[in-house]
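Reader: Please show me the model. I will ask about it point by point.

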Protein chains: 2
Amino acid sequence: MRNIGMTVSYDGTAYSGFQRQPDQDTVQGRIEAAITKLTSDQITISASGRTDAGVHARGQVFNFHTTSAIPIERWVLAMNSRLPNDIVVQEAWEAPLDFHARYSAKVKTYRYTILAERNPDLFRRLYEFHHPRPLDIEAMRRGIAYLEGEHDFTSFTSPKSTKQSNVRTIFRSWVEVEHAGSDEAGRGRIHLFLKGNGFLYNMVRIIAGTMMWVGEGKLRPEDIPAIMKTHHRDAAGPMAVAHGLLLWSVEYDGEERI
Amino acid sequence: MRNIGMTVSYDGTAYSGFQRQPDQDTVQGRIEAAITKLTSDQITISASGRTDAGVHARGQVFNFHTTSAIPIERWVLAMNSRLPNDIVVQEAWEAPLDFHARYSAKVKTYRYTILAERNPDLFRRLYEFHHPRPLDIEAMRRGIAYLEGEHDFTSFTSPKSTKQSNVRTIFRSWVEVEHAGSDEAGRGRIHLFLKGNGFLYNMVRIIAGTMMWVGEGKLRPEDIPAIMKTHHRDAAGPMAVAHGLLLWSVEYDGEERI
């Protein structure tokens, strides 16, 4: 028996999310179908986590057990020739038998992208949220920094979340801005990055929506600690749309798998 | 009567090309429908030229005559709220009554993009051609430079072209390379630019396919003048796929309209 790990990128636009569901086109379903075509085995993969409908991944990681003898260096091409164009395997490796993409994951990084320009960027419209008005980027930088550390993130998750504990640690949260045409203040392509040991349901999207309120001046950066302390979803801002969200990378024992 | 000029970007993926055709979804059809919704007039626009199915535009230009009194600064938003997300009006202006987007166009620039990396870039897959092997970029630079000047481009057009003359002037033809991950030679995102006074049917795509042959070593850069002299399509390389092509800009009296 072998345990094979893979890193996969996907464009979530066409799928009903990552997780396999009956009668739905999902990323997991497509990946498992490709492995079955290759190995004639019915297998189930374990991913680092699910992503919602419309959410994308740069470096999702999954693993599966197989008795297939296909050499490890053949897997990437073999999978990609059996996958649709919007799912691309980037890397495959022999993992220790006890490696589990979810339980072994130590660090995950998400990116949420906002284009603060008058006109949308046509060629990235499926991968970023268009915010026509300028945003106070410095306020967003200060606001997102308050999330670093160990906190109860109940205010930033769906009330439907059923996790036993909503305490998570954000190792680093930061903003990167790409110039996107205009020189005006508050303009550009704004990437919000969150690197943590785990994320609750809808957590990154609610944080992104809250940071947009900070950028619009509806909240002050200094309001973030108080919002966390309420432990109540109503205190935070709105949930940002799915398509601006990208699972950036997953790390195992200090190594980013992308 | 007013003559309104507009610059428009579009993602050609979903359309049967620019030009209106019965029972086909086209960019022109969508633009004219949006203008009709706005003005209740049945109008026909004139564009700088058509683009084929799957070809994109960053700065296509068109004009139309109307008696509408809508102030010029309202048009961009008014059009974009009536157009699908993959067609975006960037600018609108009052043009002189004799301005014609095609006949007044002095310079057009096209870009063809090739990703020479092992794996495709998922998020740009609809806007570039994926070439998994490395390319000799210096040879491509030297090859494309031979196209500059006034030449008969019969070798680089479809035999179906019905133009009276195949003589065109290329003012500048050049290569730009973006780093796209790997440091290996011959890797990167390779943009071929062609700036000229006019282009024949399929001309940029046949030039791009020929430059890929140069990059693969199937042709030498020095072969390009001889290929032009044959005046025969068979002498050139293959036609590159449509989706790597982008109408970059159109210039009128020395001014780029984007």
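Author: A polar contact is a pair of N or O atoms within 3.5 Å; within protein, one atom must be able to donate a hydrogen and the other to accept it, and residues adjacent in sequence count only if both atoms are side-chain atoms. This is a predicted model, where local features need pLDDT of at least 70, side-chain atom pairs count only at pLDDT 80 or more, and totals for chains, interfaces and linings use all residues. Residues are numbered from 1 along each chain as its sequence is written, chains are lettered from A and ligands numbered from 1 in the order in which they are written, and side-chain values use heavy atoms, with hydrogens and water left out.

Reader: Which backbone nitrogen does the side chain of B:Thr66 reach?
Author: B:Thr66 lies in strand β3 (residues 56–66) of chain B; strands (E, at least two residues) and helices (H or I, at least four) are DSSP runs, numbered from the N terminus. The residue is buried, at 2% relative accessible area; buried means under 20%, exposed over 50%, and partly exposed in between (1.4 Å probe, protein chains only). At 3.0 Å, its side chain reaches the backbone nitrogen of B:Ser68.

Reader: What rotation superposes chain A on chain B?
Author: Copies are superposed by least squares on the C-alpha atoms of residues with pLDDT of at least 70 in both. The RMSD is 0.0 Å, and the shift along the axis is 0.0 Å. The two copies are thus related as by a two-fold rotation axis. The rotation is 180°.

Reader: Which residue of chain A comes closest to the rotation axis?
Author: The copies meet through the same surface, because 100% of the interface residues of chain A are also interface residues in chain B. For the axis, the C-alpha distance decides, and the value is 4.2 Å. The residue is A:Arg124.

Reader: Where is A:Tyr110, and is it buried or exposed?
Author: The UniProt annotation "binding site", from an unreviewed entry, covers A:Tyr110; UniProt positions are given in the numbering used here, feature names are shortened, and annotations may be inferred rather than shown by experiment. A:Tyr110 touches residues including A:Arg50, A:Phe193, A:Val204 and A:Trp248, not counting residues up to four places away in sequence; contact means heavy atoms within 4.5 Å. Its place is in strand β5 (residues 107–116) of chain A. At 8% relative accessible area, A:Tyr110 is buried.

Reader: Within what arc do the buried residues of α3(A) fall?
Author: In helix α3 (residues 137–145) of chain A, A:Ile137, A:Ala139, A:Met140, A:Gly143 and A:Ile144 are buried. Seen down the helix axis, they line one face, because the arc that holds them is limited. That arc is taken from the directions from the helix axis to the C-beta atoms. Its value is 150°.

Reader: Which residue caps the N-terminal end of α3(A)?
Author: The cap is made by a side-chain oxygen. This oxygen lies 3.3 Å from the backbone nitrogen of A:Glu138. The capping residue is A:Asp136.

Reader: How many salt bridges are found over all chains?
Author: Side chains of opposite charge can pair when their charged atoms come close. A salt bridge is a side-chain nitrogen of Lys or Arg within 4 Å of a carboxyl oxygen of Asp or Glu. A search of the whole structure finds 30.

Reader: Which residue of chain B meets A:Asp11 in a salt bridge?
Author: The N to O distance is 3.1 Å. A:Asp11 lies in the loop between β1 and α1 (27–39) of chain A, and its partner lies in the loop between β5 (107–116) and β6 (129–130) of chain B, so the pair joins two chains. A:Asp11 counts as buried, at 2% relative accessibility. The partner is B:Arg125.

Reader: How many residues apart in sequence are the parts that A:Glu251 and A:Lys195 tie together?
Author: A:Glu251 forms a salt bridge with A:Lys195, with the closest N and O atoms 2.9 Å apart. A:Glu251 lies in strand β10 (residues 245–252) of chain A, and A:Lys195 in strand β9 of chain A. A:Glu251 is buried at 12%, and A:Lys195 counts as buried at 18%. The parts are 56 residues apart.

Reader: What is the phi of A:Asn202?
Author: A:Asn202 lies in the loop between β9 and α4 of chain A. It is buried, with a relative accessible area of 13%. Its phi is positive although A:Asn202 is not a glycine, at about 65°.
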